[in-house]
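This report covers a domain interface, a ligand site and some local backbone features. Please look over the model before reading on.

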Amino acid sequence: MKVTVVGAGAVGASCAEYIAMKNFCSEVVLVDIKEGFAEGKAMDLMQTASLNGFDTKITGTTGDYSKTAGSHVAVITSGIPRKPGMTREELIGINAGIVKEVTENLVKHSPEVIIIVVSNPMDTMAYLVHKTSGLPKHKIIGMGGALDSARFKYRLAEALEAPISDVDGMVIAAHSDTGMLPLLSKATRNGVPVTEFLSEDQQKYVIEETKVGGATLTKLLGTSAWYAPGAAVSVMVQAIACDQKKMIPCSLMLEGEYGQNDICLGVPAIIGANGVESIVNVTLTAEEQLKFAEAANAVREVNGDLKF
Ligand code: NAI
């Protein structure tokens, strides 16, 4: 299994590190536009191999896509991250051009590739890849729900004062501060609905802190986070590489599912060797359905700024 990660910055390097550490891939190619940067990150990571005990070969290139030929999976993390106070949507002007160009290069050298889109605004960037790559829809997956759900579980465990492994929960809809939909109604602690343990104020706290999870970190770090995003991508790549058929919320092109069409939004899906094996239909409450539709309207508006 060969994986390309475009963008060797904070998130791209973290992806490569987690993928290598889990030792399920033979090769990871890092690509960046900054001269020598991907080569340097690859060399540094390779020098952890004997320390961390992995055999994955990590190489880097400054924009030579012939080195990515035959990739099974490619992760697009290239582009600018937000600064404190910025929304993800404000990144569209610069990132759309980068994502489009990177997609063309990837598909040219790996026509069978499965693309995982990370660059923000992610739901719109995933939509752009659908519109420009020519790949079938099951091969384009946006990463947002895996990360947002991990942040939701973190906040649930905090409020419940429980170990993370006791809690389960999922975030769907948009990967944005306002459009995220943490499904509190379905979240559980050891199989029991969390609503039985948490007061209304605690429930509100968990939902709000989950939605601004990325913004909170951006404020603390001065740029967006990378450990949890990298780990979330590695879980998705592993599900594909090992054909795990694992349920992961991802931003996918909807054609009628959840009442939406011609839009990429976060929904639970089974991820396996083919990329998206199927979309899972969970029953939403009336309020959740409304929030999902509102998130779709907001993403559609951002998509309107795209030029193909
Ligand atoms: P970063 O600035 O650390 O790294 C981005 C890298 O992309 C840089 O090294 C830059 O040289 C490279 N790059 C720019 N144009 C390129 C091109 N045409 N070809 C190849 N490489 C190119 O940024 P960071 O923190 O890694 O974030 C990357 C993106 O991921 C941002 O758009 C950020 O908003 C997004 N992100 C998305 C998350 C999600 O859940 N979907 C989570 C965290 C970040």
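A polar contact here is a pair of N or O atoms within 3.5 Å; within protein, one must be able to donate a hydrogen and the other to accept it, and residues adjacent in sequence count only if both atoms are side-chain atoms. By that rule, 13 residue pairs are in polar contact across the interface of domain 1 and domain 2, both residues being at pLDDT 80 or more. The model is predicted.

## Two domains

The domain assignment of the protein gives domain 1 as 1-141 and domain 2 as 143-303. Their C-alpha centres lie 22 Å apart. From domain 1, 37 residues are in contact with 50 residues of domain 2.

The size of an interface is often given as the accessible area lost when the parts come together. Between domain 1 and domain 2, the buried area is about 3500 Å². Carbon and sulfur atoms give 64% of that area. Which three residues supply more than any other three of the area that domain 1 buries against domain 2? They are Arg88, Asp123 and Ile141, with 19%.

## Charges across the interface

Side chains of opposite charge can pair when their charged atoms come close. Between domain 1 and domain 2 the count is four salt bridges. Arg88 also forms a salt bridge with Asp177. The closest N and O atoms of Arg88 and Asp177 are 2.9 Å apart.

Several elements give two or more residues to the side of domain 1 that touches domain 2. The helices are helix 1 (10-22) and helix 5 (122-133). The strands are strand 4 (73-76), strand 5 (114-117) and strand 6 (140-142). By class, this side of domain 1 has 23 nonpolar, five polar and nine charged residues.

## Ligand site

How many residues surround the ligand? The count is 28. The closest are Ala10, Val11, Asp32, Ile80 and Met143.

For Gly79, a polar backbone atom is 3.4 Å from a ligand oxygen. For Asn95, a polar side-chain atom lies 3.2 Å from an oxygen atom of the ligand. For His175, an N or O atom in the side chain is 3.1 Å from a ligand oxygen.

The structure holds 13 salt bridges. One of them joins the side chains of Glu112 and Lys139, at 3.6 Å from N to O. Glu112 lies in the loop between helix 4 (92-109) and strand 5, and Lys139 in the loop between helix 5 and strand 6, so the pair ties together parts that are 27 residues apart in sequence.

## Backbone features

The peptide bond from Asn120 to Pro121 is cis. Its omega is near -5°. Pro121 sits in the loop between strand 5 and helix 5.

Asp243 has a phi near 45°, a positive value in a residue other than glycine. This residue, Asp243, lies in the loop between helix 9 (227-241) and strand 12 (246-255).

How values were computed. Residues are numbered from 1 along each chain as its sequence is written. This is a predicted model: local features need pLDDT of at least 70, side-chain atom pairs count only at pLDDT 80 or more; totals for chains, interfaces and linings use all residues. Side-chain values use heavy atoms; hydrogens and water are left out. Domain bounds come from an automatic or database domain assignment. Contact means heavy atoms within 4.5 Å. Buried area is the accessible area (1.4 Å probe) that two parts lose on being put together, summed over both. Helices (H or I, at least four residues) and strands (E, at least two) are DSSP runs, numbered from the N terminus. Ala, Val, Leu, Ile, Met, Phe, Trp, Tyr, Cys and Pro count as nonpolar, Asp, Glu, Lys and Arg as charged, and the others, Gly among them, as polar. A residue is near a molecule or strand if one of its heavy atoms lies within 4 Å of it.
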